[in-house]
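Dear colleague,

Please find below the structure that I am handing over to you, together with its sequence. My notes on it follow directly after.

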Amino acid sequence: MHQPLLEQAQRTPHAIALYTPDTTLTYQQLADQIFANAKHLSALGIGAGDVVAILSHNTSTAVSMIFAISACGGVVLTLNTRLTGDELAYQLTLAEAKLLIIEDGLDVPPVAMPIIPIDVRAQHVAPLHTTHAPSDTIYRVPTPIQTDNSPAVIMFTSGTSGKPKGAMLTHDNLFANAIASHERLSMTQNDHWLCILPLYHIGGLSILIRCFMLGGCVSLLPKFDADAVHNVLCQRPITLISLVPTMLYRLLDMDTHLWQKSLRLILLGGATADAPLMRRCADLGLPVATTYGLTEASSQVCTATPDATQRKPASVGKPMPSITVRVVDEQGQNCLVGEIGEVAVRGKTVMAGYYKNPEASAKTIRDGELFTGDMGYLDADGDLWIIQRRSDLIVTGGENVYPAEIEAIVREIDGVRDVAVVGIPDAEWGQKVGCVLVADVAIVSIKEVEAFLRGKLAGYKVPRVWKFADALPLNATGKVNRDAVRGMLLSD
């Protein structure tokens, strides 16, 4: 993962690689930091195959540490800063992390392992240079470079069982997706990508890999803030930006006519974009390209061009180069054109499997083909239309939430007899989390349930809409009828 960046430092040492609100790094400066951090990690005993976790917001230090872990042969475990200590401890333990690198000021999860606190301003990072070494400087990593098929990253994704699974992405997976993205998006070394997606999501990390492979530039913001994003779009020659619909909704309230004319593509994914949003973008002349991807496929699976998005606003376009997409029925046979089925993906971008979970890996990857669980159909032109992102999945503000995880925790509460969690349509967030409780109202209150959940789950997973019921609606097979549950929540 690190090698293309270090090679760019040889070719274009003075080119700008990374902007942050308080730092500007050339390719050589960034390579210097990566090399220094890799030596530091190597001295701590980190070597080939060792899992090193990083818990940090989007900072230049986080970028250098991610690539430094790769440079000394380690496997990067990216951790979501919004998770609770218990959620983080579960992932760290399951992934058998040897070391945790944590941004100074964040709460340390309850784990027994070596921890390196990092000061986002420069701790454990080589000093920035005002003069540059000759362009023939050679950066030698402390251990032999891993093969392309070796694991590079572990990213945890939610699962229908309620427990997250660690998707193992190899160097080859990440490079293959970046190359496909280069081709579909017509990327060059002159591109400047504004990244506000978190680096612990494949959407954020993949931006770094795409740009650094070509020698392009990344502007990195700590998080999404509409005013900050607007200011960057007005002041810098940004060419590409990745957004989820919630973010785009908020940006459309800004004076978009002030944005630099260099912006040639808004990559929109993470949730289905509704028709009113797409109409507003078209009226403003914004170059939106809808996309569909997932962690298990190293990011993009299908992406429409801006022209294609205008023709078919609800489609996510054709499969990326070198990726094959099928829509299949319950027997795994190809569906007819326009027939809804499960989306299956084949190609070099498909993950190696779930870490230490052979059962889930075998269920998800069959004969090299990734069965996503997402429902959709292919039209006569071969464009993909996503109907539902996994059977019960809730996508709120670009974050994936599985009802089973929340339901399992709610059932721990005394007085709760049953519970069902569903997604409710929301114009701003895409969906919001709703919950129907079957409980003894004399001893169970919504306020207490919310407080209990906030101690165990990230804030975006806590339901926003609640309702008590005498019983949950069931279908003919005795399973919870989630459409009926959703109707109950929307009826008030």
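In which sense do strand β3 (residues 51-55) and β5 pair, and over how many bridges? The pairing is parallel and runs over four bridges. Please bear in mind throughout that this is a predicted model.

Strand β5 (residues 99-103) is mostly covered, with five of its five residues buried. In a regular strand the side chains alternate between the two faces of the sheet. In β5, Leu99, Ile101 and Glu103 point one way, while Leu100 and Ile102 point the other way, and all are buried.

**The nine-stranded sheet**

A further sheet is open and consists of nine strands in the order β2-β1-β10-β9-β11-β12-β13-β14-β15, with mixed pairing. Its edge strands are β2 (23-26) and β15 (318-319), each of which pairs on one side only.

One of the pairings in this sheet joins strand β13 (residues 288-294) to strand β14 (residues 299-303), in the antiparallel sense and over four bridges. Tyrosine 292 has cysteine 302 in β14 as its bridge partner. The loop between β13 and β14 contains serine 298. The phi angle of serine 298 is near 65°, a positive value in a residue other than glycine. Serine 298 counts as buried because its relative accessibility is 1%.

**Serine 219 in β10**

Serine 219 belongs to strand β10 (residues 217-220). Is serine 219 buried or exposed? Serine 219 is buried, because its relative accessible area is 1%, against a cut-off of under 20% for buried residues.

The side chain of serine 219 makes two polar contacts that I would draw to your attention: one with the side chain of histidine 192, at 2.7 Å, and one with the side chain of arginine 236, at 2.9 Å. Setting aside residues up to four places away in sequence, serine 219 touches Tyr19, His192, Trp193, Leu194, Cys195, Arg236 and Ile238. Of these, isoleucine 238 lies 19 residues from serine 219 in sequence, and their C-alpha atoms are 8.3 Å apart in space.

The axes of helix α5 (residues 171-185) and helix α6 (residues 202-214) come within 9 Å and cross at roughly 70°. The two helices, α5 and α6, are therefore roughly perpendicular to each other, since angles of 65 to 115 degrees count as such. On the α5 side, Leu174, Phe175, Asn177, Ala178, Ile179, Ser181 and His182 take part in the contact, and they meet Ile202, Ile209, Arg210, Met213 and Leu214 of α6. By class, the contact of α5 with α6 has eight nonpolar, three polar and one charged residues.

In helix α7 (residues 226-235), the buried residues are Ala226, Val229, His230, Val232, Leu233 and Cys234. Their cover includes β9 (192-195), β11 (240-243) and α8 (245-251).

**Two aspartates**

Which loop holds aspartate 367? Aspartate 367 is found between β19 (365-366) and β20 (369-378). The phi angle of aspartate 367 is near 55°, a positive value in a residue other than glycine. Aspartate 367 is exposed, because its relative accessible area is 70%.

Aspartate 426 is part of strand β24 (residues 416-426). Aspartate 426 counts as buried because its relative accessibility is 18%, where the cut-off is under 20%. The side chain of aspartate 426 reaches the backbone nitrogen of glutamate 428 at 3.1 Å. Apart from its neighbours within four places in sequence, aspartate 426 is in contact with Gln431 and Lys432.

With kind regards

Note on methods
Residues are numbered from 1 along each chain as its sequence is written. This is a predicted model: local features need pLDDT of at least 70, side-chain atom pairs count only at pLDDT 80 or more; totals for chains, interfaces and linings use all residues. Side-chain values use heavy atoms; hydrogens and water are left out. Buried means under 20% relative accessible area, exposed over 50%, partly exposed in between (1.4 Å probe, protein chains only). Contact means heavy atoms within 4.5 Å. A polar contact is a pair of N or O atoms within 3.5 Å; within protein, one must be able to donate a hydrogen and the other to accept it, and residues adjacent in sequence count only if both atoms are side-chain atoms. Axes are lines fitted to C-alpha atoms, for helices over the stretch in contact, and angles run from 0 to 180 degrees between N-to-C directions. Angles under 35 degrees count as roughly parallel, over 145 as roughly antiparallel, 65 to 115 as roughly perpendicular and the rest as oblique. Ala, Val, Leu, Ile, Met, Phe, Trp, Tyr, Cys and Pro count as nonpolar, Asp, Glu, Lys and Arg as charged, and the others, Gly among them, as polar. Two strands pair if DSSP finds at least two bridges between them.
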